[in-house]
Number of protein chains: 2
Amino acid sequence: MRPEPLGYDSAMGTGPARQPSRQASRLPPITPAQIIDRAVELTRDHGVDGWTIRQLAAALQAWPRVIGYHVGDRDAVVHGVVEHVVAQIPVPSADTPWPEWFRRILHDARPILRRHRGTARQIVVLGPVVTSFAPALDAGIGSLLRAGFGDHALDIYRYLANIAFMLVAAEDERDDFPHARATNNQFLASYRDDDAHPGLAAAARIAGERPLNRESIERQERDFFDQSIERSIAGAEVLLREILDRR
Amino acid sequence: MRPEPLGYDSAMGTGPARQPSRQASRLPPITPAQIIDRAVELTRDHGVDGWTIRQLAAALQAWPRVIGYHVGDRDAVVHGVVEHVVAQIPVPSADTPWPEWFRRILHDARPILRRHRGTARQIVVLGPVVTSFAPALDAGIGSLLRAGFGDHALDIYRYLANIAFMLVAAEDERDDFPHARATNNQFLASYRDDDAHPGLAAAARIAGERPLNRESIERQERDFFDQSIERSIAGAEVLLREILDRR
DNA sequence: ACCTGAACACCGTTCAAGT
DNA sequence: ACCTGAACACCGTTCAAGT
């Protein structure tokens, strides 16, 4: 939750560290694109909530005010970062059958979003304001319409996309509480032989069999994501069959 | 995203406003329970991210340090708030058939969590560390085991609970961007007659038919929540049938 | 044991000049 | 048009005393 401190020399509190100022070193004017690019880099290294406007300014060798001048407030910068990240997600062609279309795009989106912690949450909050999502929305809705979802297409798109992005957002946030997983496992383990709580005892047994090293946790998270998507597609398929049967 | 300013007279920056201090007025020592109760009230009025330690202290007529002394840092206070809120969710008995068990608890949890904005997100992040969740976990897993989910019981519980709480969390966060919905609708509407983007055009048409007044938006959100749960239960049912067929 | 102040090291944003 | 400083109004947490 709390952003880790960065390495920048921002000892002065205000001001772009001790580096010479842009004007003094006759640097060219900063562009909005440069600001967003730097913000994307900082997001890659520290997550969306892991850098401050002041640190971004320092990284650009500029004063905080410059960012406000060219891009806007912090929310505007974050929005720019999200647009940049979303644009990297490959969009399957609209004639892909809908289950495969969603499997593919959501599977590909996960690592891209995970590499930029906190962007998944922003996508859920902002919604289609993220204009670089337009191609995905167009193709995805198109794919659902051809399958016969009719007026349910929009809600099913939202259902599947929301679940995927929210799951990634949850993974992102749990990264910031590395101790929480251990505490949770300990808590569950304490019920292992508790006959009065058979559900908790079973949960403890199931969770207890899973290895806890870094890479196997990563695999478990990926599996849970993939299976959740698979189940949700199955749920949507049930609805589709109902719609088609009704005709 | 940004907390709205509260009405407290915290003009002094530090210190519990102008009220007489606890010691001077011979008030009894503050208890952790009192601190959490007040924090729950503030959460009800302004959301988990809508109050500061300093404002909580002012509401208690105490200095910020007192909260750290009795409860801990801000995360500890928030954890206390979450425990208090989760304890209010009624847990259906363990012999309820699993689809009905989840329908009931998730349906009942939504308004309680919505009344305390930001707590749903905390639940997803914290996981079972929230000890007041133990009864629900015990009964829910029990219900899934009796249905025949076997070792999948834990993951299915996580799947259904995660989706519900994440959906509520997303609703909470969108409350803080009331303009985002309007912007999104405008954005979609601009594609209404765009033949080059049939998917977006269809989405615009579907969204355009929905009324935009406050109460009908609330109903749409509730419906989307209920239908998402229903679809996810259907997805879990598909898995259950596979498991049972395999035997 | 519990509370009081003040201080510390931060935030994002704004203001008024400068070049 | 763009950048520079300083200032403003906040944060959460810590420190050193007080009662």
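Reply: Glu218(B) is partly exposed, with a relative accessible area of 40%, where buried means under 20%, exposed means over 50% and partly exposed lies in between, using a 1.4 Å probe and protein chains only. This is a predicted model, in which local features need pLDDT of at least 70 and side-chain atom pairs count only at pLDDT 80 or more, while totals for chains, interfaces and linings use all residues. Residues are numbered from 1 along each chain as its sequence is written, chains are lettered from A and ligands numbered from 1 in the order in which they are written, and side-chain values use heavy atoms, with hydrogens and water left out.

Glu218(B) forms a salt bridge with Arg214(B), and their closest N and O atoms are 2.9 Å apart; the term stands for a side-chain nitrogen of Lys or Arg within 4 Å of a carboxyl oxygen of Asp or Glu. Both residues belong to helix 11 of chain B, and because they are 4 residues apart there, about one helical turn separates them. A helix here is a DSSP run of H or I with at least four residues, numbered from the N terminus.

Arg103(B) counts as partly exposed at 31% relative accessibility, as does Glu230(B) at 35%.

A salt bridge in chain A has buried partners. Arg110(A) pairs with Glu171(A), the closest N and O atoms being 2.8 Å apart, and the two residues, 61 apart, link helix 5 (residues 98-114) with helix 8 (residues 153-175) of chain A. Arg110(A) is buried, with a relative accessible area of 10%, and Glu171(A) is buried at 4%. Both belong to a network of salt bridges whose members also include Arg114(A), Asp172(A) and Glu221(A). Over all chains, the structure holds 32 salt bridges.
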